[in-house]
Number of protein chains: 6
Amino acid sequence: MVTRGLIIGRFQPPHRGHIEICKKIMSEVDELVVGIGSAQESHTLENPFTAGERILMLTRSLADEGIDLSKVHLIPIPDVNNNAIWVTHVVSLSPPFHIVYSGNPLVRRLFKETGFETKKPPMIKRKEYWGTEIRDRMIKGKNWQELIPKAVVGVMQEIKGIDRMKDLSKTDYLLR
Amino acid sequence: MVTRGLIIGRFQPPHRGHIEICKKIMSEVDELVVGIGSAQESHTLENPFTAGERILMLTRSLADEGIDLSKVHLIPIPDVNNNAIWVTHVVSLSPPFHIVYSGNPLVRRLFKETGFETKKPPMIKRKEYWGTEIRDRMIKGKNWQELIPKAVVGVMQEIKGIDRMKDLSKTDYLLR
Amino acid sequence: MVTRGLIIGRFQPPHRGHIEICKKIMSEVDELVVGIGSAQESHTLENPFTAGERILMLTRSLADEGIDLSKVHLIPIPDVNNNAIWVTHVVSLSPPFHIVYSGNPLVRRLFKETGFETKKPPMIKRKEYWGTEIRDRMIKGKNWQELIPKAVVGVMQEIKGIDRMKDLSKTDYLLR
Amino acid sequence: MVTRGLIIGRFQPPHRGHIEICKKIMSEVDELVVGIGSAQESHTLENPFTAGERILMLTRSLADEGIDLSKVHLIPIPDVNNNAIWVTHVVSLSPPFHIVYSGNPLVRRLFKETGFETKKPPMIKRKEYWGTEIRDRMIKGKNWQELIPKAVVGVMQEIKGIDRMKDLSKTDYLLR
Amino acid sequence: MVTRGLIIGRFQPPHRGHIEICKKIMSEVDELVVGIGSAQESHTLENPFTAGERILMLTRSLADEGIDLSKVHLIPIPDVNNNAIWVTHVVSLSPPFHIVYSGNPLVRRLFKETGFETKKPPMIKRKEYWGTEIRDRMIKGKNWQELIPKAVVGVMQEIKGIDRMKDLSKTDYLLR
Amino acid sequence: MVTRGLIIGRFQPPHRGHIEICKKIMSEVDELVVGIGSAQESHTLENPFTAGERILMLTRSLADEGIDLSKVHLIPIPDVNNNAIWVTHVVSLSPPFHIVYSGNPLVRRLFKETGFETKKPPMIKRKEYWGTEIRDRMIKGKNWQELIPKAVVGVMQEIKGIDRMKDLSKTDYLLR
């Protein structure tokens, strides 16, 4: 039987650390499920990119690393406003998985209580592999390119991502 | 005819002050309606416990005090994202009530405008009877037990509530 | 430890069959959880009464039967638009329960798959103990009173329930 | 003080009967509030037109009749999934109104219970002034133009409304 | 053909700057669409007034300025929890518009990407024409009247707006 | 540049006709986006399977046909209660696509109006390739296996799909 590992993140945007983790997990399981959290969010400072854009960024980055995409499932996960049902919500949207990788103690607790095996994901060396840092560099025009895969840099250009982030930084929210 | 008093709180968790207030209100009315607010919330620092857990905590605490539970209605109240319809929402979920007890001037105003009699709930002596203080003590391992009814301490042990709170304190939100 | 049985219905309105079932279940468990389904619905032909009105009807009917209300939990359950998470949703709103009583094969399957013991509720003799039949009699002015507890008849008068049902029957939906 | 009358409909599409009613109501009150119900619905057989399109249809039709538009408020009313709070929802979206005109007994009941004066709207002579009839004629290519104001015929052309309706009639719902 | 300009704001409350902008836009287009954002919000410090109250404030203020209300459409826009679909949401609720006026770079970007012409609204001289400043003055009892149209002052009195704001300032949120 | 074609269905369950269409589309474009509609639905007669189960069924069926899965994107699409924003909703969840294949005239119209190229999907020969027929056979124990890919038969066994469908057929809805 196929063993699948789940990793969940917001991937705003995917960075080199994410790709490293995915590769290490894939050396431990047969298939990988990548849950793309807060899928309904976009065009905010915390969540600048749509789920579709993040799927494109991940697909290209994983392909560039020679990862067999027939063994990877990218699943957008919209938020639910009730943490107590979040695990069930993820389960209903995803192909069956068996091991949950998360650095977040609460996530591990919630899945463990539901009967899943959980693991801390393998360590990533650089502390810059962190979404907040990368989004901050994007707004300030610092060197963000070194922290994310080349494929993501490419998508950023296609979607004019830096322009969007700069516009987002000039306003706290949509003047609705 | 039966006169019912309404008190609404989040009860995260119920503390000794809540129980005192309930007892005093029950000396003024025939029956008590306890609205458990933000019922859909759980597993966050502000709202660690599910509605079901809070109902269990309240039921046992009130029973321990010898309160006649056939005269108490515990009603979970999910939030609505529109304050203008909140009073009507509460009314639709609850058995008929006549007096609203609240320390919150806005709550009293909203119910008064809809035609309800409103009262400030009786004063509670100790300032530690305050959810934020109690949740903070739980995370820091300080003496939280003295502030909440014995029955709540018992439920906390059953549901491993302190472990959950500590996990919650290590992460701002679910890494979705 | 306390054993709790769960029974879920819409109780539109509660009838004598419901009360009989509740009594029989209470002879098998320590405490009873009554889930009031489609709690957010009211003022439709299928769901004429609010959750609050149904709670009142149930409380009075159970009290009239001499049932110890400190051993009964009435829990309004709003619908979720996703059956896959419905069991978890019920669990999060309710005090812990252990046996689920349902005449509905799907409900039993869903709870069984989540690890609950499930049972068919004890049989009720009369086929008129059926919400659709009762609501139909109410609209047509036939003898509905014999099918529901006296306490429910009383609440119906207080809330002018028959007038509401007749208005509902003249219109398929709110002319919004 | 200004007296405002409220009339609520879905206006899918507005027809000559609607305009007649509006004119008669405006002879009884100072200002008219037109609630456009099910505002979030569009592109279905029952609700083919967006709220924005219906506002345009109504604005032009009322202007053509010489009605003073500074005395008319067109308010889109999205549905709420809870009839018990529907009246409050309408109140929160609308400028203050005092008399509710509705042919629907339930609507009149709900508003009356909340303290509003309610009236049956003045009778309209022709039975074809009925949304279902008009939408049916549109799909079948029968003479629908005679039932709706000229201005609505114009908007129908601009938005290619008949083409949309015919496409809708070939499919029960969006193949999502 | 009619050219319509769109301006979107929360209008909590409408101030003299808003009215000035509306007048200037109306000198550039045939008709004005005023989108009232966060329409579902009320009774919070950031959004004290209901959509209906804001419509009333705007209608009276614009009428006082002699603006032809048959050329103005006031459209309540409830929030959507997904910025990526916000433009489409606005389009579906509004009569057709062609030029979008916004001081917010993100709003202009979103509409521009969807094919709309966008413009910065004309400058307003005084920096006090700013909702946060006005709401702050209302709570502190400073001179807020000078910043808003006379008609808005009148509505504030009718709805006891200052009392509401003061109650709101004593509590961070509804004690739900 | 990569050209992507979009096909949307509910895939309850995927059948041989779906797979044939996917293969034909893939001979016309570089990559295929498969939108899995009504993603939030499951455990009903119309929508028996969760999004995760449908993803598993599709992944295995496409792999069995030797399709290169690195060129296929399976995207769960939850419903939105507003058809006017449905196209934008799909766009936000999906990697960029350029041609929309649909047998539904309304779907083609909606995408065409938004600027997409649309095509009727290639014809499928057998009229049994139709979800309603297949689900009906499943309930009645007729030969459903011949209509769906072997891989789907396998998943049906793993998830005890036929038992679930039979339970669903004995009850119109969850006795909530």
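This is a predicted model: local features need pLDDT of at least 70, side-chain atom pairs count only at pLDDT 80 or more; totals for chains, interfaces and linings use all residues.
**Entry 1: chains A and F**

I began with the relation between two of the copies, and I found that chain F can be laid on chain A with an RMSD of 0.0 Å by a turn of 180° and a shift of 0.0 Å along the axis. The two copies are therefore related as by a two-fold rotation axis.

I then looked up the contact itself, to which chain F gives 21 residues and chain A gives 21 residues. On the side of chain F that touches chain A, the elements with two or more residues are helix H2 (51-64), strand S3 (72-76) and helix H3 (86-93) of chain F. H2(F) supplies the largest share of that side, with six residues. Sorted by class, the residues of the side of chain F that touches chain A are 13 nonpolar and eight polar, with no charged ones.

I also asked which surface each copy uses: 100% of the interface residues of chain F are interface residues in chain A as well, so the copies meet through the same surface.

**Entry 2: chains A and E**

For the next pair I noted that chain A can be laid on chain E by a turn of 120° and a shift of 0.0 Å along the axis, with an RMSD of 0.0 Å. These two copies are thus related as by a three-fold rotation axis. I looked for the residue of chain A that comes closest to the rotation axis and found A:Asn81, with its C-alpha at 6.7 Å.

In the contact between these chains, 13 residues of chain A meet 18 residues of chain E. The side of chain A that touches chain E has three nonpolar, six polar and four charged residues. I set beside this the side of chain F that touches chain A, where no charged residues are counted.

**Entry 3: the sheet of chain D**

I moved to chain D, where an open sheet of five strands has the order S3-S2-S1-S4-S5, with parallel pairing. Strand S3 (72-76) and strand S5 (117-119) of chain D are at the edges, and each has a single partner strand, so one side of each is left without a neighbour in the sheet. On average, and with direction ignored, neighbouring strands of this sheet are turned by 25° against each other.

One residue I checked here was D:Ile7, whose bridge partner in S4(D) is D:Tyr101. Helix H1 (residues 16-26) of chain D packs on the sheet, where it touches S1, strand S2 (31-36) and S4 of chain D, and its direction makes about 165° with that of S1(D).

**Entry 4: a helix pair in chain F**

I looked up how helix H5 (residues 131-140) and helix H7 (residues 161-169) of chain F pack, and found an angle of about 90° with their axes 8 Å apart. Since angles of 65 to 115 degrees count as roughly perpendicular, H5(F) and H7(F) are therefore roughly perpendicular to each other.

From H5(F) the contact is made by F:Arg135, F:Met138 and F:Ile139, and from H7(F) by F:Ile162, F:Met165, F:Lys166 and F:Ser169. By class, this contact of H5(F) with H7(F) has four nonpolar, one polar and two charged residues.

**Entry 5: backbone details**

I checked the peptide bond from A:Gln12 to A:Pro13, which is cis, with omega near -5°. A:Pro13 is placed in the loop between strand S1 (4-9) and helix H1 (16-26) of chain A. In chain B, the peptide bond from B:Gln12 to B:Pro13 is cis as well, with omega near -5°, and B:Pro13 is placed in the loop between strand S1 (4-9) and helix H1 (16-26) of chain B.

I then turned to phi, which for A:Ser38 is near 50°, a positive value in a residue other than glycine. A:Ser38 lies in the loop between strand S2 (31-36) and helix H2 (51-64) of chain A. Is A:Ser38 buried or exposed? A:Ser38 counts as buried, because it has 22 C-beta neighbours inside 10 Å.

In chain C, phi of C:Lys160 is near 50°, a positive value in a residue other than glycine. C:Lys160 is found in the loop between helix H6 (150-158) and helix H7 (161-169) of chain C. With 12 other C-beta atoms within 10 Å, C:Lys160 is exposed.

Conventions: Residues are numbered from 1 along each chain as its sequence is written. Chains are lettered from A and ligands numbered from 1 in the order in which they are written. Two residues are in contact if their C-beta atoms, placed from the backbone, lie within 7 Å. Ala, Val, Leu, Ile, Met, Phe, Trp, Tyr, Cys and Pro count as nonpolar, Asp, Glu, Lys and Arg as charged, and the others, Gly among them, as polar. Copies are superposed by least squares on the C-alpha atoms of residues with pLDDT of at least 70 in both. Helices (H or I, at least four residues) and strands (E, at least two) are DSSP runs, numbered from the N terminus. A residue is buried if 20 or more other C-beta atoms lie within 10 Å of its own, exposed if 12 or fewer, and partly exposed in between; C-beta atoms are placed from the backbone. Axes are lines fitted to C-alpha atoms, for helices over the stretch in contact, and angles run from 0 to 180 degrees between N-to-C directions. Angles under 35 degrees count as roughly parallel, over 145 as roughly antiparallel, 65 to 115 as roughly perpendicular and the rest as oblique. Two strands pair if DSSP finds at least two bridges between them.
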